[in-house]
Structure formats: C-alpha cells, structure tokens
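Dear colleague,

Please find the structure below, handed over for your records. A short account of the findings follows it.

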Amino acid sequence: GTTVTYLKLQDTTNKDTLGVLGGIYMAQTNNEENTVEEKGTVTFYDDSDGVKSKTLFAFHSTVSRGTIIKIYNPGSGKTIFAKVIGPLPGTKQYHGSILGLPAQARDDLGVANEKAWCELTYAPR
C-alpha cells in the first residue's frame with residue numbers, strides 16, 4: 001500500500017505565524033493532539049541586561065528542559081511560546097507560581113503587573 005499525506009494549506013500558513021518555537025511546539029504536541037493543560041500564576045523576572053532574545057526562556061518545575069510551552073493570557077487574548085530551560089528558582093518571588101518568564105514577555109502577553117493568571121499547554125513527558 002501507498003500512503004499519501006495531504007498537507008492542508010492552513011498548516012503551512014499557521015506554522016509561519018507561530019514562529020520557530022510555535023513550530024517546535026506543534027511538533028512536540030502532534031499538532032496539539034497530545035497536550036497537558038495547566039492554569040496558574042506566571043511570574044515575570046527582571047531581564048534588564050538589555051539583551052532582547054528572540055527566544056523566550058521559561059522556568060517550570062515539572063516540565064522537561066527543552067519543552068516548548070504555549071502560554072495564553074485569557075485577560076488579553078494573547079498567546080506566546082517559551083522554551084523551558086530549568087525549574088523555577090526556590091525564591092519568594094516565585095512562590096505560588098507555575099511558570100517564570102522574562103519581563104520582555106509581559107508586553108507580548110498584554111500584562112502590566114509582575115504576575116498574571118495564564119493557561120499553559122505543552123506536550124506530556
């Protein structure tokens with residue numbers, strides 16, 4: 001038997017708008033067919049060293065390093081993607097939080113404060 005794979009036009013368009021991390025996220029989650037959802041507080045850490053990275057790096061205590069997390073802010077309707085680089089630091093700043101993101105992510109998520117309630121989606125490990 002011959003297997004024919006159809007690529008829908010919207011898939012290629014979608015990948016471009018998602019960016020590199022979004023594309024990796026879609027691969028890790030099998031186009032969002034295999035995901036874990038988590039809701040909670042995201043804390044933004046000061047990244048005022050002046051370096052603006054194209055890749056947002058995140059801290060999460062139970063997700064494997066290298067996992068791409070989709071972060072959705074229901075308050076603003078905005079979504080971003082971030083790559084997990086390690087567990088949340090055990091400091092007071094992160095108490096009660098499920099994710100740590102650099103301050104530059106605040107604008108992308110439409111957040112004015114140091115913390116925000118967000119919905120996370122990622123591939124199970």
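Strand β3 (residues 68-73) and strand β4 pair in the antiparallel sense over six bridges; strands here are DSSP runs of E with at least two residues, helices are runs of H or I with at least four, both numbered from the N terminus, and two strands pair if DSSP finds at least two bridges between them. Asparagine 73 stands opposite lysine 78 in β4. Four residues lie between the strands of this β3 and β4 hairpin, where glycine 77 adopts a positive phi near 80°.

The model is a predicted one, in which local features need pLDDT of at least 70 and side-chain atom pairs pLDDT 80 or more, while totals for chains, interfaces and linings use all residues. Residues are numbered from 1 along each chain as its sequence is written, and side-chain values use heavy atoms, with hydrogens and water left out.

Strand β4 (residues 78-86) also pairs with strand β2 (residues 57-59), in the parallel sense and over three bridges. There, phenylalanine 57 has lysine 83 of β4 as its bridge partner.

A search of the whole structure finds two aromatic pairs (Phe, Tyr or Trp rings, the last by its six-membered ring, with centres within 6.5 Å; planes under 30 degrees apart are stacked, over 60 edge-to-face, the rest tilted). Tyrosine 25 and phenylalanine 81 form a tilted pair, 5.3 Å centre to centre with 50° between the planes. This pair links helix α1 (residues 9-28), which holds tyrosine 25, to strand β4, which holds phenylalanine 81, 56 residues apart. Tyrosine 25 counts as buried because its relative accessibility is 0% (buried is under 20% relative accessible area, exposed over 50%, partly exposed in between, with a 1.4 Å probe and protein chains only).

Yours sincerely
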